[in-house]
Amino acid sequence: MKFRAIPPRRHPDRPISGRVRLSEWWFPLALSALLLALVWIPFSDAFRRSNDSERFMGLIGSTAIDDNNVYLGLMRQAAEGRTLFTNNFTPEPNRPILFNVLYLGLGGISRITGWSLDFTHRGFMAVSIVLLVLSIYSFIAAGVRRPRYRRFALVLACLGGGLLWLSRLLLRFGGIDLRPITSWLVEVNLFHAMLVYPHFVFAAALLTASLALQLKSERVRSFGPAIAGGACLAILAFSHAFEAVAAIPIAVAYLLLEWLGRGASPSMNRWKCAALVAGIPLPFMALNYWILSREPMWGDVVRRLTFYTPDPFRLIMSLGVTFFITVLTFEGFLRVDRPSGERMAKGWLLVVLFLAYVPSINWRWHLLNGIQIPLSVLATQGLRRTLFLRLQIKRRGWRRSAGKLRALLLRPQLAAAMSLIAVLACLSALNLFLSYREEAKRIASPVYLPGSEVDAMAWMSRQVPRDSVIFAAYVTGNYVPRLSGQRVFLGEDKLTAGYEDRIAQVHSFYATSQSDEARLELLRRFDVRYVFYGPEEKKLGPYDPEGAPFLQRVYAQDGVKIFRVAGPGGEPGHALARQNPSRGKP
């Protein structure tokens with residue numbers, strides 16, 4: 001579908017950059033391979049240390065494992081044939097109503113191929129990284145014309161972000177604590193997301209691709225790319241809708257800034273491109289919102305997301321060198337004589353920094369996902385017009401005065417300046433890589449689980465009904481929906497309704513001050529069918545469920561026991577155990 005012919009204007013739009021020669025793609029592909037190799041190293045370290053007694057569970061980043069277990073739990077439901085998902089991290093009954101196209105697809109892949117959920121998840125991570133790098137390069141190409149600067153910007157986008165290294169040096173040698181953002185705000189550093197959250201990488205790739213396709217639609221004067229960009233956001237709306245909320249105003253803000261700068265509205269066809277990109281995902285987002293409102297156990301999850309954007313100083317520290325370069329070289333938001341991608345980057349930065357501090361959005365930190373991409377474009381263009389330009393002018397002066405040979409000797413100055421800036425921008429990525437590698441080498445929960453617990457959950461996946469509620473400690477409960485598929489009394493903090501109460505109730509259950517009558521009343525109030533008793537539960541208190549008259553031991557192996565809760569009027573647990581001998585060794 002092509003644009004209609006438009007008569008020439010007195011002040012036509014500046015030619016839009018964005019064409020990428022086939023020979024240019026070698027660098028994004030090479031960088032993708034490097035990133036895949038770097039991301040795999042901590043996993044490789046952990047797999048080498050895994051053994052029968054302590055098993056690596058396929059995820060790194062102790063603060064991110066709980067969330068990833070939620071996503072793998074959804075994949076398990078899809079692999080078992082479900083299309084709509086239940087919240088298995090809370091004891092309250094809830095309907096299967098959540099629809100997530102991403103985890104539905106990944107679970108379907110595991111079901112069809114027979115691959116484990118872990119393997120499929122890691123494959124998804126690899127594919128997402130490649131898609132992100134290619135989409136970033138396409139977006140950068142619309143804002144930066146020279147291939148060498150495009151490559152520089154791509155490195156900044158993928159590996160740049162944060163002054164974590166500087167803050168740690170200041171704390172160690174000067175005692176100055178800048179309170180850096182270290183683990184929870186993954187969105188400000190794409191390499192961090194590549195290590196721990198593949199779905200963040202996938203969401204950033206869809207967001208970037210949609211904006212790049214909008215710019216391509218303008219360049220090739222066809223509505224086809226804009227429709228494809230809207231389709232990307234539609235997928236995003238049913239997989240990780242937060243970034244879609246940011247993409248819609250970005251697509252429009254880009255044209256509004258140009259209108260303000262030029263004093264005349266962009267052409268109608270360009271508005272149509274923006275309307276397609278922003279409008280196609282809207283009905284899907286509305287449907288997603290309606291679905292969440294139909295089931296409180298899912299709708300309340302979104303309302304419990306209370307990780308707010310940090311104060312501006314800490315956010316600036318987390319954005320790092322690219323942010324400071326952008327500020328120092330910034331020319332203003334209304335320069336219309338710049339490439340389209342650069343103007344889009346300004347709109348992107350303006351929108352997300354504004355929305356990141358809107359009080360009514362309790363999940364607003366998610367909107368920062370991918371912010372290093374516009375920062376890399378603006379920082380590169382700012383350097384190109386200041387520092388890099390001065391180095392080139394100096395080189396030309398030497399060429400006129402000393403001849404071409406001497407000028408060639410000065411050419412490395414530009415490369416040295418680019419390399420130094422890239423290293424400073426990417427030091428936090430190195431810091432994160434080393435930190436996660438060190439964590440992967442430490443054999444500890446939740447990165448590793450005792451083999452006895454994994455075997456017990458494998459038994460549960462075969463013998464315990466899927467609609468049963470399992471009573472277990474927090475760490476155990478976070479793995480049960482993923483490894484065995486049942487609901488848990490206590491799980492991931494944002495998905496467990498009344499999380500603080502559930503934590504207190506689990507701790508009280510194993511305290512000696514609690515009576516058996518109170519324990520049984522708690523289990524029956526939430527319709528708990530099974531009690532899991534392993535190493536994590538033993539840490540909570542001295543109470544041993546073995547002698548409880550209301551529990552029947554149905555599994556015992558290598559220090560892990562599973563008990564079934566006796567029904568109303570049922571026989572005491574020890575009598576039931578004599579009639580139904582436990583499986584395995586006590």
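## Basis and confidence

The model is predicted, so that local features are reported only at pLDDT of at least 70 and side-chain atom pairs only at pLDDT 80 or more, whereas totals for chains, interfaces and linings use all residues. Residues are numbered from 1 along each chain as its sequence is written, and side-chain values use heavy atoms, with hydrogens and water left out.

For the protein chain, the mean pLDDT (the predictor's confidence in each residue, from 0 to 100) is 88, and 90% of the residues reach 70 or more. Over residues 5–15 the pLDDT stays under 50, and the model has 15 contacts (heavy atoms within 4.5 Å) beyond four places in sequence for them. Residues 569–586 also have pLDDT under 50 throughout, with 33 contacts beyond four places in sequence. Where pLDDT is low, the predicted coordinates should not be read in detail.

## The largest pocket

The largest pocket has a volume of about 1300 Å³. On a 1 Å grid over the protein atoms alone, a pocket is an open set of points where a 1.4 Å probe fits, with protein on both sides within 12 Å along at least five of seven lines, and lining residues have an atom within 4 Å of a point; grid points are joined across faces, edges and corners, and the volume is the space filled by probe spheres set on the points. Of the 47 lining residues, Phe242, Val301, Val302, Leu305 and His366 are the closest to the centre of this pocket.

Helices here are DSSP runs (H or I, at least four residues) and strands likewise (E, at least two), numbered from the N terminus. Helix 2 (62–79), helix 8 (198–220), helix 10 (241–262), helix 12 (282–294) and helix 13 (296–303) each supply at least two residues of the lining, and helix 2 gives the most, with 6 residues. By class, the lining divides into 28 nonpolar residues (Ala, Val, Leu, Ile, Met, Phe, Trp, Tyr, Cys and Pro), 7 charged (Asp, Glu, Lys and Arg) and 12 polar (the others, Gly among them).

## Salt bridges

The structure holds 25 salt bridges, each being a side-chain nitrogen of Lys or Arg within 4 Å of a carboxyl oxygen of Asp or Glu. In one of them the side chains of Asp45 and Arg437 meet at 2.5 Å, N to O; Asp45 lies in helix 1 (residues 26–49) and Arg437 in helix 20 (residues 412–441), so the pair ties together parts that are 392 residues apart in sequence. Asp45 is buried, with a relative accessible area of 1%, while Arg437 is partly exposed at 27% (buried means under 20%, exposed over 50%, partly exposed in between, with a 1.4 Å probe and protein chains only).

Arg385 forms a salt bridge with Glu331, the closest N and O atoms being 3.4 Å apart. Because Arg385 lies in helix 17 (residues 372–385) and Glu331 in the loop between helix 15 (321–329) and helix 16 (340–355), this pair ties together parts 54 residues apart in sequence. Glu331 is partly exposed, with a relative accessible area of 32%, and both residues belong to a network of salt bridges that links Glu331, Arg335, Asp337, Arg338, Glu342 and Arg385.

## Trp40

Trp40 has its place in helix 1 and is partly exposed, with a relative accessible area of 40%. Not counting residues up to four places away in sequence, Trp40 touches Phe47 and Arg122. The C-alpha atoms of Trp40 and Met194 are separated by 10.0 Å, although these residues are 154 residues apart along the chain.
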